[in-house]
Amino acid sequence: MPTPSSPYFTRWRRVSPAEGAVVAPDERLPWGHTAAMGVQHVIAMFGATVLAPILMGFDPNVAILMSGLGTLIFFLVTGGRVPSYLGSSFAFIGVVIAASGYTGPGPNANMAVALGGIIACGLVYTLIGAIVQAVGTGWIERCMPPVVTGAVVAVIGLNLAQVPIKNMAASNFESWMQAATFVCVGLVAVLTRGMLQRLLILVGLIAASVLYALLTNGLGLGKPMDLSGVLAAPWLGLPRFAAPVFSAPAMLLIAPVAVILVAENLGHVKAVTAMTGRNLDRYMGRAFIGDGIATMASGAVGGTGVTTYAENIGVMAATKIYSTAVFLVAGLIALVLGFSPKFGALIQAIPLPVMGGVSIVVFGLIAVAGAKIWVDNRVDFSDNKNLIVAAITLIIGTGDFTLKFGDFALGGIGTATFGAIVLYALLNLRRGR
């Protein structure tokens, strides 16, 4: 555990890839195994990181490039002590569309004003992080006891469940392929051993993609897998960079998204703390600052705002590998792949129902991680205060309960996080007297 005299950057202790062993943030597997895990994390984040910019009319390759650079910025700011990957945030979609007047599809002709707003949001987020770093994190334990933390972490997974269920299967065949995909991942998780088991998401995805190709391209049961885009795409190419324009209305509309990013990052750090058994609260301010700087850097060149990714937390929960070395490698890989249109085409060629099946596994693992916080901390649900806080948080988060403040909307994860904190404090007033 780091002490005040510890070096700024973590020093990894090399460990062997023992079956089922937990690899802590300050440990690392041999570099070959670490690289393979990095690839798996890139695959896990890719679908959402590419989808978000497409919905906003941004260039997906810029988003991939900046997700890699953002992850490296986060790594540097946190001293390599918080295992997280930064990808495109969906919290920006509504306000970016509103600020830019984007109607899609294709490139967003007015993205420049949205980029200025994204930079403003990143600045606000960074300032919040600086305050947290200066004041300390004692308030976190008071505001977010295990009953609150567990509910918020579970909501992160449950809130995202509707994405693969509702949007990633357009026919009965594709729904069956989603089921086949999560069965593939489950079989890899249970029947394999060693590093193959550690790579359960990647191996399961590949197996399901092969099965999909056999059933569609071979037997004609669904939409064929199309690799023509991969063959046509060049190996190297520059993304479509764009410069920001600073417009006060757009900045005022987009900057409040920082509140949602704080909620997401807070929940993610607490989730990793629970899974690793390492108290990462002392790095919470740094995590906010790193995410805020990464968001400003992304907006400066035409990328989306970024956030710590639940998909990658799900992968960590499945593999029990929390080494920050993995995210250093993943960031470098994404940085390089941002300049490779061929890789982007390859990932986009993965059948949508296969990505949906993998997402079901990953989001489910996040939800279970929240329940594990309750179990590990022996949360007493015979206490009505705990029961009410958990019950309401789960429902408003899963149902995507939204509160609007003018043009700004606080969606399910945000309302669940802040709602849980406020509700717990309210119900705890009498006890605190």
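Predicted model: local features only at pLDDT ≥ 70, side-chain atom pairs only at ≥ 80, totals over all residues.
1. The structure holds 7 aromatic pairs.

2. Phe-173 and Tyr-212 make another tilted aromatic pair, with 6.0 Å from centre to centre and 45° between the planes. Here too distant parts of the chain are linked: Phe-173 belongs to helix H8 (residues 172–191) and Tyr-212 to helix H10 (residues 200–218), 39 residues apart. Phe-173 has a relative accessible area of 17% and is therefore buried, given that the cut-off is under 20%. Tyr-212 is also buried, at 3%.

3. One aromatic cluster is formed by Tyr-8, Phe-9, Trp-12, Trp-31 and Phe-75.

4. A charge is placed over an aromatic ring at Trp-235: the charged end of Lys-342 sits over the ring, 5.1 Å from its centre.

5. Gly-70 lies in helix H2 (residues 60–77). Its relative accessibility is 1%, so Gly-70 counts as buried. Apart from neighbours within four places in sequence, Gly-70 has contacts with Leu-86 and Ala-294. The C-alpha atoms of Gly-70 and Thr-308 are 9.8 Å apart in space, while the two residues are 238 residues apart in sequence.

6. Two packed helices are described by the angle and the distance between their axes. For helix H13 (residues 257–276) and H14, the axes come within 10 Å and cross at roughly 130°. H13 and H14 are therefore oblique to each other, since an angle would have to be over 145 degrees to count as roughly antiparallel, and 65 to 115 to count as roughly perpendicular. The crossing of H13 past H14 is right-handed.

7. The contact between these helices involves Leu-261, Val-262, Asn-265, Leu-266, Val-269 and Lys-270 on the H13 side. On the H14 side it is made by Met-284, Ala-287, Phe-288, Asp-291 and Thr-295.

Technical notes:
Residues numbered from 1 in each chain as written. Heavy atoms only, no water. Phe/Tyr/Trp six-rings, centres within 6.5 Å; stacked < 30°, edge-to-face > 60°. Helix = DSSP H or I, 4+ residues; strand = E, 2+ residues; numbered from the N terminus. Buried < 20%, exposed > 50% of the residue type's maximum accessible area, 1.4 Å probe, protein only. Lys NZ or Arg CZ within 6 Å of the ring centre and 35° of its normal. Contact = heavy atoms within 4.5 Å. Axes fitted to C-alpha atoms, helices over the stretch in contact; angles between N-to-C directions. Parallel < 35°, antiparallel > 145°, perpendicular 65-115°, else oblique. Left-handed = near helix turned anticlockwise from the far one by under 90°.
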